[in-house]
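Please read it beside the sequence and the coordinates.

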Amino acid sequence: MTRTLFLAFAFLAMLVPSAARAELRVDVTKGTTEPIPIAITNFVATDASGQEFATSVPAVVSADLASTGLFKPIDPRAFIQDSASMQTQIRFNEWKAINAQALVTGVVTRAADGRTRVEYRLFDVFGQVQMTGMAYMTTPQNWRRISHIIADDIYKRLTGENGYFDTRIVYIAESGPAINRVKRLAIMDQDGANHRFLSDGRNLVLTPRFSPSQQQITYLAFVNGKPRVYMYDLETGRQEILGDFPGMTFAPRFSPDGGKIIFSLSKNGNSDLYVMDLRSRKSQRLTDSPSINTGPSYSPDGKNIVFESDRGGTQQIYVMDANGGAARRISFGDGRYASPVWSPRGDLIAFVKMNKGMFYIGVVRPDGTGERLITNAYHVEGPTWAPNGRVLAYFKEDRSGQRSSSVYSIDLTGYNERRLKTAGDGSDPAWSPMNP
Amino acid sequence: MKRPLIASVVIHSMLVALAIFGLPHIMNKPEIVEAVPVEIVANISELTSTNKPPVKAPPKEDPKKEPPPKKEEPPKPPTKTDTAPPPDDVLKEPPKPKDKPVEDKKGDLPKKEDKKKPDKKPIKKPDPKKEVKKDPQQDFDSLLKNLAADDPPQPETPVDTKSDSTPEPSPNVSRFSDVLSMSERDALIAQLSGCWNIMAGSANAESMAVEVKVVVNQDRTVREAKIVDQSRYNSDTFFRAAADAALRALRNPRCSPLNLPPDKYSEWQSMTINFDPKDMF
């Protein structure tokens with residue numbers, strides 16, 4: 001009996017330590033937001049024809065990544081190992097020594113058919129492993145595109161999000177005095193390269209809008225003083241008139257599938273929302289209230305619409321079903337809210353807020369929570385999302401005597417605001433989807 | 001009758017105590033070290049030593065892995081089929097307004113040989129007291145800017161940034177307080193916080209918690225670090241990026257050796273570290 005009792009005790013005793021000695025678990029709930037130090041080396045050219053790309057491609061990749069604020073390219077003068085020797089062995093300790101956490105190498109070769117082949121590899125310096133590597137081929141004059149695609153790959157591998165470097169921005173290039181302002185439609189790569197004018201400035205053009213799914217834009221032009229909407233296919237150069245729309249002040253926006261456009265028309269002091277099917281060209285009215293309803297934008301799933309309205313007494317933002325019906329107010333702060341644009345990733349709606357003589361760009365969740373104002377100025381207007389939904393472009397005017405506006409980008413943290421290169425003054429930017 | 005009972009209780013208690021304190025390692029089953037997908041560099045502090053891993057062969061492409069069938073995009077026919085008259089002010093676009101798209105995109109390049117053997121174990125050293133390198137007592141509230149929050153003219157705007165939350169002791173803390181003291185745990189957490197980089201502004205960044213199983217050498221360098229949720233690592237690009245960031249924190253030279261009490265090796269030689277950015281948002 002005593003012996004049985006003893007054994008039972010001993011058994012229990014063995015169990016106790018196992019519980020007490022459960023494996024240590026530590027919760028780290030705070031980190032830093034420093035940019036990742038990344039070493040982007042010159043690529044190795046296998047022949048003289050690739051020599052130029054061997055330095056220019058990494059330079060564009062570096063500029064793209066640096067512009068995000070998430071990466072800090074390391075000054076190449078600090079590099080210890082040279083590009084050529086990396087083709088046989090990467091001495092990770094030498095990259096660690098200069099605090100690189102990621103490393104990019106590459107090779108440029110010329111294919112037999114005259115095209116250029118660019119391959120790159122991204123390494124995790126601490127882990128000493130290759131994270132990704134791809135090769136691309138194209139005609140030599142297309143080297144900037146390859147650079148942006150490589151930057152997108154690297155961005156995606158290190159952040160998990162899609163990149164936005166292989167994209168373009170359409171905007172209104174402005175010049176001339178305030179009373180006789182010339183406004184031209186212009187397009188450029190997101191980094192300002194390959195700039196081109198699409199119109200000659202004879203007619204006033206406004207508010208270009210990109211289709212989220214195709215390389216098409218709509219814009220509003222005042223022809224003989226009347227607002228007319230055009231649709232422009234950038235792939236084919238084909239241009240169509242969608243119609244004359246008296247009472248229109250903004251160009252229509254596309255539905256996510258590019259098959260419909262949504263817009264507002266004002267009549268007798270009221271303004272209502274309409275949707276037009278681009279195939280049948282039939283329009284349907286979505287709102288019918290004795291108030292102003294304008295600035296509509298689709299959610300990325302196409303099921304909802306966000307718009308601005310003064311139906312509650314002041315200018316606020318509302319969300320409603322894409323087929324119309326009851327609307328739910330989502331903005332509640334002081335001041336007036338306008339120009340809502342739904343993010344391509346669906347989680348936020350960007351807007352312009354006006355309060356006490358100051359303009360703000362802000363974001364809010366579609367349910368109205370989490371409002372944040374990320375930038376402000378004497379006048380900021382026209383937010384447009386990069387296709388990954390992490391960065392916005394908009395234009396800003398300062399309170400200087402002469403009118404001048406510039407296009408800026410800002411990321412969702414609100415800390416990485418950059419002025420984009422444009423030809424002279426710029427306004428009304430519209431960010432393209434990823435290039436096909 | 002009473003005396004034997006008392007004796008029995010006393011003796012049994014002694015036996016229990018002996019079992020608890022005398023045989024601590026019986027139940028401490030050795031960690032099964034599985035093949036780790038990404039290996040930790042054990043010797044990261046010795047930057048000057050050139051014990052480089054055997055990185056293999058150059059990325060010389062072998063012809064056979066040249067592109068899968070290129071999806072050559074024939075330049076779009078410059079269909080100048082204007083169905084409607086373009087506005088007279090629109091410049092005639094060159095039919096192919098865009099750069100020709102990149103023509104072929106080959107699959108992933110073969111991975112360079114980068115499997116390296118675990119670095120030699122560093123020699124155990126008696127461990128000088130470690131100062132907490134970077135005290136991340138920074139203002140993390142400002143991770144996402146909100147002008148409304150610090151702008152006096154608009155106090156009415158809903159403020160969404162959470163007020164600074166002092167790190168709540170995790171529910172597990174008390175369970176382990178007998179193992180590592182609070183300050184010892186905090187020292188480790190503070191150290192890792194300084195090496196852990198978070199991508200602010202990413203979608204769902206706040207819910208991207210990553211558990212890492214870590215095996216630590218006696219000299220407090222990390223021997224192995226393995227992401228617990230491997231299937232998510234392989235299927236979710238956001239999680240993979242967050243997981244890689246957690247591994248980079250553990251491998252960062254600034255965080256080696258780990259701030260751990262050398263005399264409690266048996267307690268921390270194997271642990272799970274949960275990188276959860278919840279307090280950042």
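A:Asn99 counts as partly exposed because 15 C-beta neighbours lie inside 10 Å, where a residue is buried if 20 or more other C-beta atoms lie within 10 Å of its own, exposed if 12 or fewer, and partly exposed in between, the C-beta atoms being placed from the backbone. Although A:Asn99 is not a glycine, its phi is positive, at about 65°, and the residue sits in the loop between helix H4 (92–97) and strand E5 (102–110) of chain A. Helices (H or I, at least four residues) and strands (E, at least two) are DSSP runs, numbered from the N terminus.

This is a predicted model, in which local features need pLDDT of at least 70 and side-chain atom pairs count only at pLDDT 80 or more, whereas totals for chains, interfaces and linings use all residues. Residues are numbered from 1 along each chain as its sequence is written, while chains are lettered from A and ligands numbered from 1 in the order in which they are written.

A:Ser339 also has a positive phi, of about 50°, without being a glycine. A:Ser339 belongs to strand E23 (residues 336–342) of chain A, and it counts as buried because 23 C-beta neighbours lie inside 10 Å.

Positive phi values also occur in two hairpins of chain A. In the hairpin of E16(A) and E17(A), with 2 residues between the strands, A:Asn268 has a positive phi near 55°; in the hairpin of E17(A) and E18(A), with 5 residues between the strands, A:Arg281 has one near 60°. Two strands are taken to pair if DSSP finds at least two bridges between them.

| Strand | Partner strand | Bridges |
|---|---|---|
| E16(A), residues 260–267 | E17(A), residues 270–277 | 8 bridges |
| E17(A) | E18(A), residues 283–285 | 3 bridges |
| E19(A) | E20(A), residues 304–309 | 4 bridges |

An open sheet of chain A is formed by 4 strands in the order E19-E20-E21-E22, with antiparallel pairing. Its edge strands, each pairing on one side only, are strand E19 (293–298) and strand E22 (327–329) of chain A. From one strand to the next, the twist averages 30°, with axes as lines fitted to C-alpha atoms (for helices over the stretch in contact) and angles running from 0 to 180 degrees between N-to-C directions.

How is chain A divided into domains? The assignment gives domain 1 (36–159) and domain 2 (168–431), the bounds coming from an automatic or database domain assignment. Taken over C-alpha atoms, the centres of domain 1 and domain 2 of chain A are separated by 36 Å. In this chain, 6 residues of domain 1 are in contact with 7 residues of domain 2, two residues being in contact if their C-beta atoms, placed from the backbone, lie within 7 Å. On the side of domain 1 of chain A that touches domain 2, helix H2 (residues 51–67) of chain A gives the most, with 3 residues.

Confidence can be followed along chain A through pLDDT, the predictor's confidence in each residue, from 0 to 100. The mean pLDDT of chain A is 89, and 94% of its residues reach 70 or more.

Chain B has 7 helices and 4 strands, which run from the N terminus as α-β-α-α-α-β-β-α-α-α-β. Of its 281 residues, 32% count as buried. Among contacts in chain B between residues at least 6 apart in sequence, 78% join residues at least 24 apart.

Within strand E4 (residues 270–275) of chain B lies B:Thr272, which is partly exposed, with 15 other C-beta atoms within 10 Å. Beyond its neighbours within four places in sequence, B:Thr272 is in contact with A:Glu23, A:Arg25, B:Glu211 and B:Lys213. Elsewhere in chain B, the peptide bond from B:Ser256 to B:Pro257 is cis, with omega near 0°, and B:Pro257 lies in the loop between helix H6 (237–251) and helix H7 (265–268) of chain B.
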